[in-house]
Amino acid sequence: MKVVMTLLVRNEEDIIEDNLRFHLDRGVDFFIVTDNASTDGTSKILSRWVEAGLAEVIVEHEDNYAQDVWVTRMARRAAQGLGADWVINSDADEFWWPLKGSIKDAFAAIPARFTSVQVPRVNYRPSSAAGPWHQRMIVRDVNSVNATGRPLPAKVCHRGAATVDVAPGNHAVGGLDGLPWEGASPMIILHFPLRDFERFEQKITQGTEAVERNPAFTAEFFDAWRHLYELARSGKLRDYWDSQLLDDAAASDGVRAGRLVVDTRVATALRDPEGDLPEATLDKAPRRRPWWRSR
């Protein structure tokens, strides 16, 4: 079985290396990445993965966030050019965790007549602690919602097919022969969109302005981004950030109340990465006693 992951990225230097390492360790064989006009160190990081034979990069200069078009292009390339049996269309802040074994084990459990799988997502909350993002962000919502208060929508992965069409947001696919899997998902997506305020503000501003330049996207598309953009324009985005931010007391209270849960799967995986990549480095977390073990 061959598993290919596609990624659409823009200025993700703080997380893209972690994402690629994490998924390589969990069974992804190869990455196709569309780099949409990054101006930070993202492109340099990706070039090392290309040189190592683990990724290919499509440079996309258009600034209209034609996400469905670009991801469909990568998904079809994965099937036609790379012979992918399964394709995962992901974002850089999404970490696909198989509930048993590897990602390949998860896909192997899906009978052949099913061609796509919906995978739920859960949001991790920003933290006031110091250290790398993956060591700071260890508490997530039990029931995650988006910025408009609606349940966080699932993402869809699918069998490789040259005819696939990926919908905006990677929430649905078309053009496949077969049925969507109706059983419990064999994976969960651990989602880290709020790593630091400045990066979050830039993503919302650049992303929403690009969406609004694209006439194919009417108001119902990317409504959570549009909502956050309006907060940014009115000077209230920091208030939203603060409403999500956790210090130790707020995290502890939320866990006791059942609204939050400590989930260190990604923190543990990225503290002790497996495998080598030429010149690749990964910051180690500072060794401090976590709050949930000190009470």
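Which side chain makes a polar contact with the side chain of E12? It is the side chain of R195, at 3.3 Å. The notes below start there. The model is predicted.

1. E12 sits in the loop between strand 1 and helix 1 (16–26). Its relative accessible area is 7%. The cut-off for buried is under 20%, so E12 counts as buried. Setting aside neighbours within four places in sequence, E12 is in contact with D40, T42, A92, R195 and K203.

2. **E56 in strand 3.** E56 is a residue of strand 3. Its side chain makes a polar contact with the side chain of R77, at 2.9 Å. Beyond neighbours within four places in sequence, E56 is in contact with F30, F31, I32, V33, V50, R77 and L82. S234 is another matter. E56 and S234 are 178 residues apart in sequence and 40 Å apart in space, C-alpha to C-alpha.

3. **Helix 3: length.** Helix 3 covers residues 67–80, which is 14 residues. At 1.5 Å a residue, the helix should span 20 Å. The C-alpha atoms at its ends are 20 Å apart, so expectation and model agree.

4. **Helix 3: burial.** Its buried residues are Q67, W70, V71, T72, M74, A75, A78 and A79. An α-helix has 3.6 residues a turn, so residues three or four places apart point the same way. What covers the buried residues of helix 3? The cover includes strand 1 (3–9), strand 2 (30–36), strand 3 (55–60), strand 4 (86–90), strand 9 and strand 10 (165–166).

5. **Strand 6: an enclosed strand.** Strand 6 spans residues 114–119. Five of its six residues are buried, so the strand is largely enclosed by the rest of the structure. Strands of a sheet pair through backbone hydrogen bonds, either parallel or antiparallel. Strand 6 pairs with strand 9 (residues 155–159) in the antiparallel sense, over four bridges. Strand 6 also runs parallel to strand 12 (residues 179–180), and two bridges join them. In strand 9, S116 stands opposite H158. In strand 12, S116 stands opposite P180.

6. Three strands form an open sheet in the order 5-13-7, with mixed pairing. Strand 5 (94–98) and strand 7 (121–123) are at the edges. Each has a single partner strand, so one side of each is left without a neighbour in the sheet. Neighbouring strands here are turned by 30° against each other on average, direction ignored. Strand 7 pairs with strand 13 (residues 187–191) in the parallel sense, over three bridges. Within that pairing, N123 has H191 in strand 13 as its bridge partner.

7. **Helix 6 against helix 7.** Two packed helices are described by the angle between their axes and the distance between the axes. At what angle do helix 6 and helix 7 pack? Helix 6 (residues 197–212) and helix 7 (residues 223–233) pack at about 115°, with axes 9 Å apart. Their crossing is left-handed. From helix 6, the residues that meet helix 7 are F200, K203, I204, T205, G207, T208, E209, V211 and E212. From helix 7, they meet W225, R226, L228 and Y229.

8. **Helix 7: the buried set.** A224, W225, R226, L228, Y229 and L231 are the buried residues of helix 7. They pack against helix 6 and helix 8 (237–244). After helix 7 comes G235, which has a positive phi near 75°.

9. Most residues other than glycine have a negative phi, and most peptide bonds are trans. Two residues deserve a look on this count. A37 is not a glycine, yet its phi is positive, about 60°. A37 lies in the loop between strand 2 and helix 2 (42–51). At 27% relative accessibility, A37 is partly exposed. F222 also has a positive phi, near 55°, and is a residue other than glycine. F222 is in the loop between helix 6 and helix 7. Is F222 buried or exposed? F222 is buried, with a relative accessible area of 17%.

Notes:
Residues numbered from 1 in each chain as written. Predicted model: local features only at pLDDT ≥ 70, side-chain atom pairs only at ≥ 80, totals over all residues. Heavy atoms only, no water. Buried < 20%, exposed > 50% of the residue type's maximum accessible area, 1.4 Å probe, protein only. Pairing = 2+ DSSP bridges. Expected span 1.5 Å × (residues − 1). Contact = heavy atoms within 4.5 Å. Polar contact = N/O pair within 3.5 Å; in protein donor to acceptor, adjacent residues only side chain to side chain. Axes fitted to C-alpha atoms, helices over the stretch in contact; angles between N-to-C directions. Left-handed = near helix turned anticlockwise from the far one by under 90°.
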